[in-house]
Amino acid sequence: MTATFKALRVHQVEKSFQARLEQIQISDLTPGEVVIRVAYSCLNYKDALAVSGKGRIMRAMPRVAGIDLSGVVESSADPQYRLGDKVLVTGCNIGELLDGGLAEFARVPAAAVVPLPTGLSLSEAMALGTAGFTAALALRRMLENHQAPEHGPIAITGPTGGVGSVAISLFKRAGFQVAAITGKITPESEKYLRLLGADEIVDRNSLDLGSKPMETARWGGAVDNLGGDTLTYLTRTVKPWGNIGSVGLAQGHTLNTTVMPFILRGVSLLGIHSVEMPRAWRLDIWKHLASDWKPAQLKDIGNRTISLEEVPAVCAELVGGRALGRTIVRIGGEL
Ligand SMILES: NC(=O)c1ccc[n+]([C@@H]2O[C@H](COP(=O)([O-])OP(=O)(O)OC[C@H]3O[C@@H](n4cnc5c(N)ncnc54)[C@H](OP(=O)(O)O)[C@@H]3O)[C@@H](O)[C@H]2O)c1
């Protein structure tokens, strides 16, 4: 292992946040039992906020950005992991409270490490990353709460982004009809959404959001990446006994609703939180993502690979809502 290595760290400078590519040492990293030589990381909306300085994502500074990584174990104080083991880490506070994956090496708690499941390569793990994992968690929670294809189509908001893209593929594969409610109506985005399996494409900007506590019920259920008025609309229009997986806040963190959809239609609003959860769920979801839930279109979803040097510019694009699929960051490459 080299004495110093490249890392993209976020610093607080007075009231603003600045990301800098710099040389650091293992001893600069937050504590953990497992040192990993990073092969790939990826960009999620949260990383884009952290690196662009548009959101306060880091809970201490300076911190290495990157909420996801895949790579091989370089050393481990925990006997579960050995030199050369292929692993991945998503969430578990890396790239927020702890140093993250946008660096040549990472040091993480053993409890955060997931052995790379058979059926996934190191780069495929990052084509999925937290976004894919979160979409799978939403599917799991909705199925557990009896969501079924016969209830009607699943509305997916922010569908051209990471969570949305994987959600389309997963729900389609599970037998659901899928409607993509998107802010991008271009030939390129339509082609992309159809390729993933969207049955219907709805222009979010011309959608009548309604104003009553309940409007004509249209959706069997929903996966929402936006929050704000879009999530309010979904509470008004999901059919009886449907589930809404509340994933994101790309549009806003408020929710202006009434109890009516919940008590008169039996609608469920399910919280989707991918950062911390029982380890058994995490391992089980990754096992599914590597096998029966693995998106057939994973190459089309993880359609962009960039270097560590390119991360700040791409993060500025993502904060502007310009994602079309997922961005993988190649660091060491397949090891
Ligand atoms: N709960 C969790 O554990 C968890 C995990 C992962 C992500 N998230 C959250 O889920 C959301 C999506 O994450 P992601 O990684 O998929 O992000 P992403 O790849 O950057 O995609 C976000 C998508 O949302 C839409 N969008 C972006 N900005 C918008 C805006 N200002 N107004 C309206 N729509 C906008 C765009 O889709 P269209 O143009 O197609 O509409 C965009 O492609 C984020 O809020 C993220 O923080 C939560």
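These legends describe close-up views of a predicted model. Residue numbers start at 1 in each chain and follow the written sequence. Because the model is predicted, local features need pLDDT of at least 70 and side-chain atom pairs count only at pLDDT 80 or more, while totals for chains, interfaces and linings use all residues.

**View 1**
The domain assignment of the protein gives domain 1 (5-116 + 303-330) and domain 2 (131-271). Such bounds come from an automatic or database domain assignment. The C-alpha centres of domain 1 and domain 2 lie 29 Å apart. Across the boundary, 8 residues of domain 1 are in contact with 11 residues of domain 2. Contact here means that the C-beta atoms of two residues, placed from the backbone, lie within 7 Å. The side of domain 1 that touches domain 2 has 3 nonpolar, 4 polar and 1 charged residues. In these classes, Ala, Val, Leu, Ile, Met, Phe, Trp, Tyr, Cys and Pro count as nonpolar, Asp, Glu, Lys and Arg as charged, and the others, Gly among them, as polar.

**View 1. The shell around the ligand.**
Around the ligand there are 31 residues, of which Tyr 45, Gly 158, Gly 161, Gly 248 and Gly 321 come nearest. A residue is near a molecule or strand if its C-beta atom, placed from the backbone, lies within 6 Å of it. Domain 1 and domain 2 both give residues to this shell, so the ligand lies between them. Helices α1 (45-52), α2 (122-144) and α3 (162-173) each supply at least two residues of the shell. Helices (H or I, at least four residues) and strands (E, at least two) are DSSP runs, numbered from the N terminus. By class, the shell has 12 nonpolar, 16 polar and 3 charged residues.

**View 2. Helix α2 against helix α7.**
Two packed helices are described by the angle between their axes and the distance between the axes. Helix α2 packs with α7 (residues 279-289) at an angle of about 100 degrees, and their axes are 10 Å apart. That makes α2 roughly perpendicular to α7. Axes are lines fitted to C-alpha atoms, for helices over the stretch in contact, and angles run from 0 to 180 degrees between N-to-C directions. Angles under 35 degrees count as roughly parallel, over 145 as roughly antiparallel, 65 to 115 as roughly perpendicular and the rest as oblique. From α2, Leu 128, Gly 132, Phe 133, Ala 136, Leu 137 and Arg 140 meet Ile 285, His 288 and Leu 289 in α7. This contact has 6 nonpolar, 2 polar and 1 charged residues.

An open sheet of 6 strands runs in the order β11-β10-β9-β12-β13-β14, with parallel pairing. At the edges stand β11 (200-203) and β14 (268-271), each with a single partner strand, so one side of each is left without a neighbour in the sheet. Neighbouring strands of this sheet are turned by 20 degrees against each other on average, direction ignored. Strands pair if DSSP finds at least two bridges between them. Strand β10 (residues 178-182) is joined to β11 by 4 bridges. Thr 182 stands opposite Asp 203 in β11. Helix α2 lies across β12 (221-224), β13 (243-246) and β14, running at about 150 degrees to β13.

The order β2-β1-β4 describes an open sheet of 3 strands with antiparallel pairing. Strands β2 (16-24) and β4 (63-64) stand at the edges, each with a single partner strand, so one side of each is left without a neighbour in the sheet. Strand β1 (residues 5-13) is joined to β2 by 9 bridges. Lys 6 has Gln 23 in β2 as its bridge partner, and Arg 9 has Arg 20. The hairpin has 2 residues between the strands, and Glu 14 takes a positive phi near 50 degrees there.

**View 3. Strands β3, β5 and β6.**
Strands β3 (residues 34-43) and β5 (residues 68-76) run antiparallel, joined by 6 bridges. Arg 37 stands opposite Val 72 in β5. Strand β5 is also antiparallel to β6, through 5 bridges. Here Ser 70 stands opposite Leu 88 in β6.

**View 4. Two backbone exceptions in loops.**
Most residues other than glycine have a negative phi, and most peptide bonds are trans. The peptide bond from Met 61 to Pro 62 is cis, with omega near 0 degrees. Pro 62 lies in the loop between α1 and β4. Cys 92 is not a glycine, yet has a positive phi of about 55 degrees. Its loop runs between β6 (86-90) and β7 (105-108).
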